Amino acid sequence: MNMKTPWMKYICYVFALLMVTQVAIAQNGDGGNTGTGGDGGNTGTTNTNTGDNNGGNNNTSNNNNNSNNTDNNNNNNNNNNNNNSNNSDNTDNNSENNDGADNSEDGEDSEAKEKVEDEDQKIKFDLRQEGLPEAKIWGQHLFRDQSISLFTRSRDIKAIDAYLLGAGDELQINVWGATAYSANVPIDPEGFIELSYPEKRVFIPRLYVKGMKFYEAKKAIISRLSRHMDIRGSQHSIELNYARSLTVNITGEVFFPGSYTMPAVNTAFNALVASGGPTQLGSVRKIKVVSDSKEERILDVYKFMNNPNVADEFFLENNDYIFVPLADRVVEVRGAIKRPFFYELIEGEDLIELIKYAGRLQPDAYKRNIQVIRYINDEERLIDVNLTDLIMNESDFKLKDGDIIQINPIKQAYSNYITVNGAVKLPGTYELQQGSKVRDVLFKSGIIRSAVMERIYLKRLREDLSLEYININVYGIIDSATSEDNILLHPFDVLEVKYKSEFIDKYNVQIYGAVRKPGAYEYSENLSLADILYMSNGVQMEAAESYIEISRLHTANDSNQTYISFQKIPVGSELQVPNADGILLEPYDQIFVRTSKAFELPKNVNVQGQILWPGIYTLAKKDERVYDLIIRAGGYTDVAFLEGAKLVRKGEGNVILNLKELKEDGPSSKYNYILREGDVIVIPRIKDLVSVAGRINHPDIRDKSEIDEATLELELEKQKTDLQRKEILLEDKIKRKTSPRKINVPFSKGKRANYYLKEYAAGIDRPNGGRKRLVYVHYPDGSVKKTKSFLFFKTYPKVTSGSMVFVDTKPKKVKKYREKNDANIYKVITDVLAVMTSAALIYVVIDRAIK
């Protein structure tokens with residue numbers, strides 16, 4: 001064959017690539033069949049001494065189902081002959097049982113090793129059980145949530161009285177007290193145990209116990225010992241010291257079918273746990289247990305749930321088979337049932353039995369119409385069933401596979417009640433008994449004194465749901481039970497008992513102004529002005545020398561039109577209101593207690609800084625000014641910086657205050673403001689420096705500004721939207737304006753801003769946005785002046801001591817950035833190069849092989 005044919009070369013290349021891929025997968029271990037029977041191994045049928053299904057046979061790795069079956073058959077034959085067991089571990093155990101002796105060569109080390117293995121197997125088993133799905137049919141959960149345990153150790157297992165003894169079991173017999181006897185006796189292959197005690201020259205014939213229940217064997221052993229030993233007055237105990245191992249084959253609808261080796265103390269229920277139990281489709285009612293020496297038994301989980309002693313009938317023998325068929329008839333029950341779920345029914349079980357399995361009905365279940373949804377001839381049908389009639393007639397309703405039983409709750413509320421509202425001691429609902437009348441119910445609820453006894457109303461719904469009012473005289477009912485007003489009550493009747501107060505108009509009067517508790521107060525016919533002033537906790541001090549005004553509503557005699565009148569009552573200096581007791585109030589009166597204009601609470605201001613006596617001062621008069629306050633505070637100190645003084649006013653912020661000019665001009669100065677409550681005057685120390693900040697060429701400022709600009713630009717590029725960039729620019733602008741970087745230089749009298757920029761700041765930083773027209777001077781008193789321009793000439797502001805020369809920058813615009821691509825270009829390039837390198841290497845290898 002000519003290997004240089006192009007298409008043949010391509011086939012070779014593909015074949016080589018596949019081989020390389022296969023080798024890589026094999027090295028990673030994906031899908032490999034390991035010798036320990038792990039996840040990659042074939043576990044179709046599994047032999048285990050502990051119920052762990054993750055591993056295969058311990059002697060060799062299982063490669064396919066046929067080899068597993070062969071191993072299982074060999075193991076079964078070995079168990080029948082009692083020569084060896086399913087694996088190397090069981091071989092030691094079985095040989096110990098057959099010889100009737102305990103191999104204690106390893107002692108405590110072997111016991112510790114078994115405990116570690118048991119713990120490891122339990123962890124694996126728990127993880128496997130957690131991975132099983134939730135039960136589909138009621139009863140399947142018993143084998144998944146560990147409601148039933150699987151016994152995995154053959155030694156030190158507590159056997160129940162119903163346990164069936166067999167060859168390979170070992171009993172521990174102890175007698176103490178008047179007579180001492182202790183022995184571990186295995187059951188030999190013929191079914192006998194040896195009870196003789198040669199050390200004490202006690203010789204007892206052998207006892208046959210194979211096939212006996214444990215409690216029967218204990219009685220037989222004690223009876224045999226008592227014939228050959230005096231055990232009267234002694235105590236005794238007989239326990240199962242070691243349980244024989246047997247192999248159980250589990251097939252059908254289970255999660256993990258296969259052969260399992262386990263201690264014989266496990267029943268068929270325990271064995272099913274080892275296989276994960278029935279699948280979602282598996283039956284829980286017709287599980288078959290097949291033995292060579294017994295008739296076929298049917299395991300019903302529902303019987304076990306009602307009576308756990310049923311498990312005593314399902315002890316297993318070696319090579320027994322457990323077969324789980326498909327569930328035959330499964331129905332679902334919903335609604336007002338205590339345990340809604342899917343249930344499997346067997347022959348002879350229908351609706352009545354289903355309700356029992358589901359925990360019976362809820363108290364609010366509507367029994368007269370239970371609905372059955374059934375699929376018949378490719379159609380969904382609805383069948384109504386009267387459960388009450390079925391129970392009375394002792395009959396049943398036959399259910400079919402797939403039926404859905406809907407038990408609806410009672411939706412209509414109870415109707416055997418009446419309601420009593422209003423002037424009674426216990427308003428509410430009352431039971432309507434047979435023959436109940438109005439008198440009976442009113443005696444239960446109890447009418448109070450403030451009730452209108454002459455007439456109460458009974459509201460009743462007619463058959464057409466219209467409302468009817470029935471007038472009833474309570475006096476007649478109380479006097480005689482045979483009164484015609486004592487009528488028979490109907491369901492849903494409502495008795496309305498009125499309060500007398502409901503027929504009395506209630507009015508209020510209002511009081512406002514300088515009283516301690518203004519508000520609305522209930523009117524009465526004898527309510528006076530003195531009363532309302534007392535109830536409002538009295539007149540306040542600010543009402544002295546003022547007056548009280550009462551506005552009153554009037555109605556014209558010849559019409560319904562209303563008008564208002566006013567009455568003024570003076571308030572004395574001692575807060576006395578003359579003749580207040582004689583001024584009676586009327587409904588809807590409004591009382592206004594006016595505040596005197598002459599009354600005013602003290603108002604305080606604060607002076608801080610370089611003043612002789614700083615602190616809080618009360619204004620001496622309403623129009624006290626700054627000049628007067630400075631004199632009261634002792635005047636300025638020697639280091640007071642008057643040009644930098646500030647006035648902070650509540651609600652208005654900073655007010656420019658030039659105390660130097662105020663000092664020179666005196667009270668006539670424009671800065672001699674009238675003070676208000678809460679004003680704060682701050683006088684700083686003398687400042688003999690000038691600050692220069694902003695976009696200047698001074699190295700310290702410019703270098704830091706350039707670093708800030710680069711950092712800002714990088715931060716802007718990182719953002720994905722213009723809105724995010726604008727937010728960052730705003731934050732940067734606020735930072736530069738509120739906390740600018742600056743240098744402090746000496747003050748030179750009479751110099752302007754450009755002098756300081758040239759002399760100390762090395763000029764304006766134009767590359768970074770600084771401009772001459774954006775030069776400002778911030779003065780200590782808070783005022784600001786900017787550079788003025790006329791044609792080509794610029795006039796810079798004068799600078800005073802403590803001022804700051806600031807060079808602003810033109811607004812920075814948001815650049816249009818290209819949308820970012822989130823793909824990692826570097827990673828893409830490296831991946832492409834790696835693929836190309838691998839392809840080239842394969843090509844070279846194949847080309848050399850062909851040549």
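Because the model is predicted, local features need pLDDT of at least 70 and side-chain atom pairs count only at pLDDT 80 or more, while totals for chains, interfaces and linings use all residues. Residues are numbered from 1 along each chain as its sequence is written, and side-chain values use heavy atoms, with hydrogens and water left out.

**Overall make-up**

The chain has 18 helices and 37 strands, where helices (H or I, at least four residues) and strands (E, at least two) are DSSP runs numbered from the N terminus. Of the 851 residues in the chain, 39% are buried; buried means under 20% relative accessible area, exposed means over 50%, and partly exposed lies in between (1.4 Å probe, protein chains only). The chain exposes about 50500 Å², of which carbon and sulfur atoms supply 51%, the areas coming from the Shrake-Rupley method with a 1.4 Å probe, and for residues only the protein chains shown count as cover. Among the contacts (heavy atoms within 4.5 Å) with a separation of 6 or more, 62% are between residues 24 or more positions apart.

**Nonpolar cores**

In soluble globular proteins, nonpolar side chains tend to be buried together. A nonpolar core is here a set of buried Ala, Val, Leu, Ile, Met, Phe, Trp, Tyr and Cys residues joined through side-chain atoms within 4.5 Å. The largest such core has 88 residues, and those with the most contacts inside it are Y163, I322 and I405. Helix 6 (residues 268-274) gives the most to this core, with 6 residues. A second, separate core has 23 residues, including V509, V515, I550 and I583.

Leaving aside residues up to four places away in sequence, I322 touches V248, N249, I250, T251, A268, A271, L272, I287, K288, V289 and L316.

**Strand pairings**

Strand 6 (residues 245-252) pairs with strand 7 in the antiparallel sense over 6 bridges, two strands being paired if DSSP finds at least two bridges between them. A hairpin joins strand 6 to strand 7 through 5 residues, and N249 has S259 in strand 7 as its bridge partner. Strand 7 (residues 258-263) is mostly covered, with 6 of its 6 residues buried.

Elsewhere, 5 strands form an open sheet of mixed pairing in the order 32-31-37-33-34. Its edge strands, each pairing on one side only, are strand 32 (742-746) and strand 34 (784-786). Neighbouring strands of this sheet are turned by 25 degrees against each other on average, direction ignored, with axes taken as lines fitted to C-alpha atoms, for helices over the stretch in contact, and angles running from 0 to 180 degrees between N-to-C directions. Within the sheet, strand 31 (residues 689-694) and strand 32 pair in the antiparallel sense over 5 bridges, and S691 stands opposite N744 in strand 32.

**Salt bridges**

A salt bridge is a side-chain nitrogen of Lys or Arg within 4 Å of a carboxyl oxygen of Asp or Glu, and by this rule the count comes to 26. The table gives three of them.

| Pair | N to O distance |
|---|---|
| K498 and E502 | 3.9 Å |
| R649 and D679 | 2.7 Å |
| R702 and D765 | 3.7 Å |

R649 and D679, by contrast, are both buried. R649 lies in strand 28 (residues 646-649) and D679 in the loop between helix 14 (659-665) and strand 30 (680-683), so the pair ties together parts that are 30 residues apart in sequence.

R702 is partly exposed, with a relative accessible area of 24%, whereas D765 is buried, with a relative accessible area of 1%. Salt bridges that share partners also join D188, E190 and R206 into one network.

**Positive phi angles**

R360, although not a glycine, has a positive phi of about 75 degrees. R360 lies in the loop between helix 8 (351-357) and strand 13 (370-376) and is partly exposed, with a relative accessible area of 49%. L465, also a residue other than glycine, has a positive phi near 70 degrees. L465 is placed in the loop between strand 18 (456-461) and strand 19 (467-472) and is exposed, with a relative accessible area of 67%.
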